[in-house]
Amino acid sequence: MNFAFTIAGSDSSAGAGIQEDLKTCSSLGIYCLTVITSITAQNTFSVKEIFDIPPEIVGKQIDAIYEDFPIKYGKTGMLSNKDIIKIVSKKIDEYNLKVVVDPVMYAKSGAKLLRDDAIDSMINDLIPRAFIVTPNIPEAEKISNVKIKNLDDMKKAAEIIKGYGPEIVIIKGGHMESENVTDVIYSKEFIFLEYKRINTKNTHGTGCTYSSAIASFLSKNYDPIEAIKNARSFLQKALENNLNIGHGHGPLNPFYNIWK
């Protein structure tokens, strides 16, 4: 059996966060262990409340799963404050983890999921320890301090973020106004993944699906670039078969082979 972990927040609408990570990993045949960092009261159009788990409990969750399961790969999602970021960063070093970092800053509704005083910790503590980091364009702008208006700007931001220490940077192109969506991957060279844009409001959980799918394919011992390509193809199908539920941004459908 293949294992992975997710370190992220709980989404009560089940379209993002821990719940979406579990669905994605399960769909790809991965047994996913969970570390909950925050509990959110949210639905498809708003985040009502956020309760952060004490950092020491976050750390103990990580310790507990590593006492019992042979896990190497996983992903991080919502890490809302600097103390949670610091304990997760410490555990990445302690257990020599290969982590896909989704640097979550905002919910699809626009609600802030990362405190302002935690951005520096994200940049200085977590991203240098990432195996792969997967910012969208607004996140990449915050991290790199580059205003992104075109593909060249995405490349420049990717180079800056790569300089912080991760092995691979993926800047997701969904926020760029263009007919197709282009993701920029940067490691030793640039790779561009271009996909048809799916014109839908139902994009809740896109980053969660992508990062947990990458972690899933890594857990199956795929080469990192192949893992990314396979995960992006999986994401495209989940977007194409999105679920038009709720009154706001509906979720993707990682169970597209089951839920028709």
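In strand β3, Ile 50 is the bridge partner of Thr 40, and Gln 42 likewise stands opposite Val 47 of β3. The model described here is a predicted one, in which local features need pLDDT of at least 70 and side-chain atom pairs count only at pLDDT 80 or more, whereas totals for chains, interfaces and linings use all residues. Residues are numbered from 1 along each chain as its sequence is written, and side-chain values use heavy atoms, with hydrogens and water left out. Helices (H or I, at least four residues) and strands (E, at least two) are DSSP runs, numbered from the N terminus.

Strands of a sheet pair through backbone hydrogen bonds, in either a parallel or an antiparallel sense; two strands are taken as paired if DSSP finds at least two bridges between them. Strand β2 (residues 30–42) and strand β3 (residues 47–52) pair in the antiparallel sense over 5 bridges, and a hairpin of 4 residues joins β2 to β3. Strand β1 (residues 2–11) pairs with β2 in the parallel sense over 9 bridges, with Ile 30 of β2 as the bridge partner of Asn 2.

The pairing is mixed in an open sheet of 9 strands, whose order is β3-β2-β1-β4-β5-β6-β7-β8-β9. Because β3 and β9 (190–196) stand at the edges with a single partner strand each, one side of each is left without a neighbour in the sheet. Helix α8 (residues 224–240) packs on the sheet, where it touches β6 (132–133), β7 (168–171), β8 (180–186) and β9, and its direction makes about 15° with that of β9. Helix α1 lies across β1, β2 and β4 (73–76) and runs at about 155° to β1. Such angles run from 0 to 180 degrees between N-to-C directions, the axes being lines fitted to C-alpha atoms, for helices over the stretch in contact, and contact means heavy atoms within 4.5 Å.

Two helix pairs were also examined. The axes of helix α2 (residues 55–66) and helix α3 (residues 82–95) come within 8 Å and cross at roughly 25°, which makes α2 roughly parallel to α3 (angles under 35 degrees count as roughly parallel, over 145 as roughly antiparallel, 65 to 115 as roughly perpendicular and the rest as oblique). Helices α5 (residues 137–144) and α6 (residues 151–162) pack at an angle of about 55°, with their axes 9 Å apart, so that α5 is oblique to α6. The α5 side of this contact is formed by Ile 137, Ala 140, Ile 143 and Ser 144, and the α6 side by Met 154, Ala 157, Ile 160 and Ile 161.
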